[in-house]
Amino acid sequence: MQGFAGKVCVVTGAGSGIGQALAIELARAGAQLAISDVDTEGLAQTEQRLKALGVQLKVDRLNVTEREAFLAYADEVKEHFGKVNQIYNNAGIAFSGDVEVTPFKDIERVMDVDFWGVVNGTKAFLPHLIASGDGHVVNISSLFGLLSMPGQAAYNAAKFAVRGFTEALNQEMAINKHPVKVTTVHPGGIKTAIARNATVAEGIDQAAAADFFDRKLASTTAEEAARVILEGVSKNRARVLIGNDARALDLLVRITGSRYQKLFSSVLPRFRPKGV
Ligand SMILES: NC(=O)c1ccc[n+]([C@@H]2O[C@H](COP(=O)([O-])OP(=O)(O)OC[C@H]3O[C@@H](n4cnc5c(N)ncnc54)[C@H](O)[C@@H]3O)[C@@H](O)[C@H]2O)c1
């Protein structure tokens with residue numbers, strides 16, 4: 001992968017899945033890395049794999065919802081490497097449950113991690129990215145930031161918000177002539193631990209839901225997702241879709257407009273296993 005050699009790249013949620021694969025792919029491309037996660041065990045595994053590649057590395061436990069810690073962390077990364085070029089706001093969680101039965105606290109938790117975590121990371125690093133003269137913000141939304149699904153209102157809200165926030169930022173950087181590119185990423189189903197780590201509303205069988213996701217919905221590997229993201233970043237794409245599922249459903253929504261909701265609500269229940 002071209003264009004990453006010598007760049008200082010920050011990856012949140014790097015202890016698993018897409019974040020881990022991104023860190024490894026960036027290291028292979030010659031980047032220097034600051035990786036973080038709340039899961040210190042997963043993070044240690046990523047660290048081990050990166051050390052084998054001989055990369056310059058900073059490893060920290062960071063909860064992306066803790067704004068003050070994130071701001072301090074951004075300064076530490078700048079101090080450590082002397083500059084920061086790219087942030088991948090990747091850390092995220094999933095939750096399933098209909099609005100009717102979902103407590104406020106579950107919606108707030110998803111917004112805290114999946115939306116505010118991205119805002120915290122973007123704002124903490126933006127001054128450093130601008131100062132680098134060659135910056136890039138990469139925010140991980142989802143296919144569910146392009147269309148809504150029954151049972152995914154909290155996640156949909158957070159991922160639509162990431163998209164809105166990031167697309168506005170992209171235009172602001174251009175208008176203000178800042179040397180920062182901006183990419184919003186919309187993965188379809190990726191083979192990671194996300195569904196196994198997810199929480200669910202009362203009445204949903206978590207294990208069955210995770211199993212359904214792993215067997216039927218996750219079609220792209222994390223490694224392939226990381227390669228698609230880095231290709232999009234190297235080409236300064238504003239929007240990156242990952243997987244045939246993301247491309248097909250994005251097209252369907254653009255063709256049908258708001259009518260996709262009627263289509264989904266009549267068709268989807270037939271494919272959903274009981275209790276999921
Ligand atoms: N897997 C998919 O199908 C899919 C699809 C679309 C979007 N995404 C998005 O991709 C991103 C990565 O997810 P993944 O699939 O690799 O899942 P994953 O569960 O394998 O990895 C997510 C990582 O984020 C970390 N994390 C969770 N909360 C955190 C917090 N508060 N602070 C710091 N780290 C935290 C977890 O510990 C974990 O290591 C997420 O934003 C997710 O919403 C995933």
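**Close-up views of a predicted model**

**View 1. Contacts of V10 in the nonpolar core.** Apart from neighbours within four places in sequence, V10 is in contact with A34, V77, V84, Q86, I87, Y88 and F125. The model shown here and in the following views is predicted. V10 is also among the residues with the most contacts inside the largest nonpolar core, a set of 73 residues.

View 2. Helix 2 comprises 12 residues, 40–51. From its first C-alpha to its last it reaches 16 Å, close to the 16 Å expected at 1.5 Å a residue. L43, T46 and L50 are the buried residues of this helix. These three lie on the same side of helix 2 because they cover an arc of only 60° around the axis. In an α-helix there are 3.6 residues a turn, so residues three or four places apart point the same way. The buried residues of helix 2 pack against helix 1 (17–28), strand 2 (32–37) and strand 3 (57–61). Exposed residues E41, Q48 and K51 are carried on the face turned away from the buried side of helix 2.

**View 3. K177 in the loop between helix 5 and strand 7.** K177 has a positive phi of about 55°, although this residue is not a glycine. The loop that holds K177 lies between helix 5 (153–175) and strand 7 (180–187). K177 counts as exposed because it has 6 C-beta neighbours inside 10 Å, the limit for this class being 12 or fewer.

**View 4. N236 in the loop between helix 8 and strand 11.** N236, a residue other than glycine, has a positive phi near 55°. N236 is placed in the loop between helix 8 (222–234) and strand 11 (239–242). With 11 C-beta neighbours inside 10 Å, N236 therefore counts as exposed.

Methods. Residues are numbered from 1 along each chain as its sequence is written. This is a predicted model: local features need pLDDT of at least 70, side-chain atom pairs count only at pLDDT 80 or more; totals for chains, interfaces and linings use all residues. Helices (H or I, at least four residues) and strands (E, at least two) are DSSP runs, numbered from the N terminus. The expected span of a helix is 1.5 Å times one less than its number of residues. A residue is buried if 20 or more other C-beta atoms lie within 10 Å of its own, exposed if 12 or fewer, and partly exposed in between; C-beta atoms are placed from the backbone. The arc is that of the directions from the helix axis to the C-beta atoms. Two residues are in contact if their C-beta atoms, placed from the backbone, lie within 7 Å. A nonpolar core is a set of buried Ala, Val, Leu, Ile, Met, Phe, Trp, Tyr and Cys residues joined through C-beta atoms within 7 Å.
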